[in-house]
Amino acid sequence: MCGITGFTGKSRALPFLLQGLEKLEYRGYDSAGVTLVGTEELKTWKEKGRLSVLEEKLDIAHCPQRCGIGHTRWATHGIPSNLNAHPHNNMDNTISIVHNGIIENYVELRADLEAKGFVFASETDTETVAHLLDFNYRETGNMRDAVYATIAGLEGSFALCIVSCYDPETIYVAKKENPMIVGKTGDAAFCASDATGLLSLTKDVLPLDDGQIAILKPGSIELTDFAGKALEQNWIHIPYDMEAAQKGGYDSFMMKEIHEQPDAVRETLRGRFDKNDRIRMDEIDALEISWERLRRVYFIACGTAYHACIYARTLFDRYADIDSFVMPASEFRYGTPKLDADTLCVFVSQSGETADTLAAVKLANEKGAATAAITNVLGSSISRTADVTLYTAAGPEIAVASTKAYTTQIVLLICLIMKLAEKTGFVIPDYAHLVADMKRLPQILTEILKLEDTVGQLADMLKEQRDAYFIGRQLDYPTALEGALKLKEVSYVHADAYYAGELKHGPIALIEKDTVVVAMATQPEVAAKTMSNIQETIARGARIILITDSTIPAERFEYVLRVPAVREELAGIAAVVLLQLFAYFTAKEKGCDIDKPRNLAKSVTVE
Ligand code: G6P
């Protein structure tokens, strides 16, 4: 969620630092700062609030320095304030750092440093590192040794960038459990916490692994482990450009991304069917697991990706006779999951960086389970930690509220289930029909997007409402959950989702005249049951928006939206698009900041 940029080269550093931070703004932040390096002293500016507030304080045209670091902070230790904002410096302003993550032993370190006479200016865990560097510089007499000695003393997670006037052209970058990417051109080297921050200068990047330090000098990068041993550099090419990350004609990234779903799904399915229309998944073929012994499958994720997991688990459980479980990563890692060599854990994460999900992957690895990740970001931490990774091809998702990542995750999860059927021998009925409908999904999504205006009119109903309820059974339930989450996230209307059959056990007490209930009934086997539950809410005065399939009779309802004819396993992929639009239009009617909802971050890299 915090953003980092760094630059050292033969041209001015500040323009790169600021534009890089702008590109990372979507991750969410509450303060911003930069340090520029001169030989005599460092200059640091930091301000609470938007990047534009910082820019107003900077005399941008008169900052000739060629080396510097920048940061956007999302508060964890210490409130959002100018003092707590990064960069943090040592007492005589000769060393400056920015940091993402949490220094877990900062209390002990701080007490120790204070006893030695160091005076702290902030409440942050990060500032400890600046003073520790200072201490180690005094001990060792050179910056390089001070950096290695300092990193060795840190516990917790960090992506760190360190500059100093002792080594004015060098940026030291260290990484443990927080993302950091470096790149270079002929006469510059730079870094950012997310590839979007680098794309203006290069598409060839080196994502750091845990336990690595990169030493950036103009035009060169040296890579070592924390002990200083030189390491091989594994560079990768980022296949999309900055333009893909622009809004392209829409008024928000969220709306653009909703409309990108036909393409995103098409790209995600590309190459997944062989010439016999069986699923191709070399990644799963490469997994070291004895398929005949497979006893259980866990689906694990956070937020929207967790809803995709509920969808997948519901489907898997319908077809497979293998035990399956779905858990939010934050519960999985602290619970008592049954993990062994006969367990497959599937982790889903758009960013590939969510701290809880990453920790859950590590736990499953430690316990000897097979781990497969589904993520959207090449080179992300989760992709590098799991045994194998399947990539959604959604392209960069900028809006905080996830849309195209969700639909592509479900599509890939269904492919995975089809592959698991082949590996373990369970049967998916009418497989060929399912394949044919999966191939039609981009077209189906294009059709559903044509209902945009109708959804826009319905959203009018919600703008004055305090609450909304989403209900559904079976595969409609995760769709209801995701619809409620989208509405909460972007429009701040309180929304809850329930299994339709659970309504009468409590939530129905909240239904009164004109309460909006969004009812999902796309699953023919349980649609009649859901209809009865809808009647129960109508009897209490609810206004119903019904989302159903092409066959279920619904003449009695005033507001009905139908998904095009498609296999029921796929109906939720189409239906959720209507709910995304519904949330978008409600937020727009209310004048909300659609792409950057309050209190939320795109990528949550702390627990
Ligand atoms: C944050 C985002 C959500 C996202 C969740 C998991 O809370 O705001 O949109 O679903 O993190 O993110 P991941 O990148 O792991 O899918």
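A quick word on the model. It is predicted, so local features need pLDDT of at least 70 and side-chain atom pairs count only at pLDDT 80 or more, while totals for chains, interfaces and linings use all residues. Residues are numbered from 1 along each chain as its sequence is written, and side-chain values use heavy atoms, with hydrogens and water left out.

Now the overall build. The protein chain has 18 helices and 24 strands; these are DSSP runs, numbered from the N terminus, with helices (H or I) of at least four residues and strands (E) of at least two. Why do we call the chain as compact as a globular protein of its length? Because its radius of gyration is 26 Å, close to the 25 Å that the globule rule gives for 607 residues. That radius is taken over C-alpha atoms, and the rule is 2.2 Å times the number of residues to the power 0.38.

How much of the chain is buried? Of the 607 residues, 61% count as buried, meaning under 20% relative accessible area, with exposed over 50% and partly exposed in between (1.4 Å probe, protein chains only).

On to salt bridges: the structure holds 35. Each is a side-chain nitrogen of Lys or Arg within 4 Å of a carboxyl oxygen of Asp or Glu.

Take Lys-116 and Asp-112, whose side chains meet at 3.1 Å, N to O. Lys-116 is partly exposed at 42% relative accessibility, and Asp-112 is partly exposed too, at 40%.

Next, Lys-362 pairs with Asp-210, with the closest N and O atoms 3.5 Å apart. Lys-362 sits in helix H11 and Asp-210 in the loop between strands S11 and S12, so this pair ties together parts that are 152 residues apart in sequence. Lys-362 is partly exposed at 22%, and so is Asp-210 at 36%.

My last pair is Glu-260 and Lys-404, bridged at 2.6 Å, N to O. Glu-260 is in the loop between helices H6 and H7 and Lys-404 is in helix H13, so the bridge ties together parts 144 residues apart in sequence. Are these two buried or exposed? Both are buried.

And one network to find on your screens: salt bridges that share partners join Lys-175, Glu-177, Asp-210 and Lys-362.
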